[in-house]
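Please look through the model shown below and follow the report alongside it, section by section.

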Amino acid sequence: MGEDNAMDGAVPRISQGIEVYAGKDGAVSWSGVELTADVMRELRGGPWAERVGDLAATRDFLTELRGLATTDMETDTLKALLASEPEPLPWQVGEALAEVLLEHWHGALWLWDGTRDRRTRKASLPGADLVGLCVADGSARLLFGEVKSSSQQSAPPGVMNGADGMINQLRKLSTKDDHLTLMKWLRFRCLTPEHKAAYQTAAGRWVKSMGKDVQLFGCLVRDTAPEPKDLSNRAKDLAKTVVEPMHALLTAWYLPVAMTSWPNHVGVLDHG
């Protein structure tokens, strides 16, 4: 989402995928979307790789480090360290894809790239996977969500079920228990007047609704054939908890690329 006008919902859009199933139960909607080869090419050509690697910030960081190396030994040591950096894991690539598609297709505004908060190379940070704002019709709402990636053939896959499954995590996000913590995290990452204004609008809606006016997103990223059972029954369960003015959208994106090869598909590692 552009920083110059955070409330207008304008962002260069990538081509839409093909919706193969959809449903709605009260305040909960769901859909399954196939990403075509054309969409995959557009994503690979820029926004997906950019989000996975936080490329602009990473380029600046690496340029600065190289400038600090003043001897051949320092330069060689730096090159060796950079070459040892692991490629992103498939689940990290799937999470980045969800962020890109929510931004381009569902009005998500990300105020901060969560990859900058990692303290170890393969860290999975605690808390909600998605924290941002949902901008539409000149207004903004708090956005919280979860992302799961799976190659499992069963429908729904195991990542949808159990205490650590998507639906249970979304149930927790529908309560007010962690809202203040997430809102504080979000507030202090508002770096422009436009972002601050959008945040104030969303926080005002949250206060006036007594913590209920929130947009939840549940994103399932798959390399399997589309299957309505991936979402339908679990979405209906979630509808027992999520009620107006809160809304939840569950989306399964089906990719024509094997999950194990997603990191190679985006190919973000280039340390020179």
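## Strand β2 and its two neighbours

In this predicted model, Gly-23 has Trp-30 of β2 as its bridge partner, a pairing that belongs to the antiparallel arrangement of β1 and β2, which extends over seven bridges. Two residues separate the strands of this hairpin, and Gly-26 adopts a positive phi near 60 degrees there.

β2 also pairs with β7, here in the parallel sense and again over seven bridges, and in this pairing Trp-30 stands opposite Leu-250 of β7. Five of the seven residues of β2 are buried, so the strand is largely enclosed by the rest of the structure.

## The sheet as a whole

The protein chain contains 10 helices and seven strands, and the seven strands form an open sheet of mixed pairing, in the order β1-β2-β7-β6-β5-β4-β3. Because β1 and β3 (108-109) stand at the edges with a single partner strand each, one side of each is left without a neighbour in the sheet.

Gly-107 follows α5 and has a positive phi, near 70 degrees.

The C-alpha atoms of Leu-89 and Met-259 are 9.8 Å apart in space, although the two residues are 170 apart in sequence. A further helix, α6 (residues 166-174), lies across β5, β6 and β7 and runs at about 160 degrees to β5.

In soluble globular proteins, nonpolar side chains tend to be buried together. Here the largest nonpolar core has 40 residues, of which Leu-133, Leu-142, Phe-144, Leu-216 and Leu-250 touch the most other members. Helix α8 (residues 193-208) supplies the largest share of this core, five residues. Leu-250, already met as the residue opposite Trp-30, has contacts that include Ser-29, Trp-30, Met-166, Leu-170, Gly-218 and Leu-238, when residues up to four places away in sequence are not counted.

Another core, of 33 residues, lies apart from the largest one, and among its members are Ile-14, Trp-110, Leu-255 and Trp-262. For the protein chain of 272 residues, buried residues make up 47%. Of the contacts between residues at least 6 apart in sequence, 75% join residues at least 24 apart.

## The aromatic pair

How are the rings of Tyr-21 and Tyr-254 arranged in their aromatic pair? The structure holds one such pair, and the arrangement of Tyr-21 and Tyr-254 is edge-to-face, with 6.3 Å from centre to centre and 65 degrees between the planes. Since Tyr-21 lies in strand β1 (residues 18-25) and Tyr-254 in strand β7 (residues 247-254), the pair ties together parts that are 233 residues apart in sequence. Both tyrosines, Tyr-21 and Tyr-254, are buried.

## Backbone features in the loops

Two cis peptide bonds can be examined in turn. The bond from Ala-155 to Pro-156 is cis, with omega near 0 degrees, and Pro-156 lies in the loop between β5 and α6. The bond joining Glu-244 and Pro-245 is also cis, with omega about 5 degrees, and Pro-245 is located in the loop between α9 (232-238) and β7.

Positive phi values also occur in residues other than glycine, including Asp-137, where phi is near 55 degrees. Asp-137 lies in the loop between β4 and β5 and counts as exposed, at 84% relative accessibility. Met-210, which is not a glycine either, has a positive phi of about 55 degrees; its place is in the loop between α8 and β6, and at 60% relative accessibility Met-210 counts as exposed.

Methods. Residues are numbered from 1 along each chain as its sequence is written. This is a predicted model: local features need pLDDT of at least 70, side-chain atom pairs count only at pLDDT 80 or more; totals for chains, interfaces and linings use all residues. Side-chain values use heavy atoms; hydrogens and water are left out. Rings of Phe, Tyr and Trp (its six-membered ring) pair if their centres lie within 6.5 Å; planes under 30 degrees apart count as stacked, over 60 as edge-to-face and the rest as tilted. Helices (H or I, at least four residues) and strands (E, at least two) are DSSP runs, numbered from the N terminus. Buried means under 20% relative accessible area, exposed over 50%, partly exposed in between (1.4 Å probe, protein chains only). Two strands pair if DSSP finds at least two bridges between them. Contact means heavy atoms within 4.5 Å. Axes are lines fitted to C-alpha atoms, for helices over the stretch in contact, and angles run from 0 to 180 degrees between N-to-C directions. A nonpolar core is a set of buried Ala, Val, Leu, Ile, Met, Phe, Trp, Tyr and Cys residues joined through side-chain atoms within 4.5 Å.
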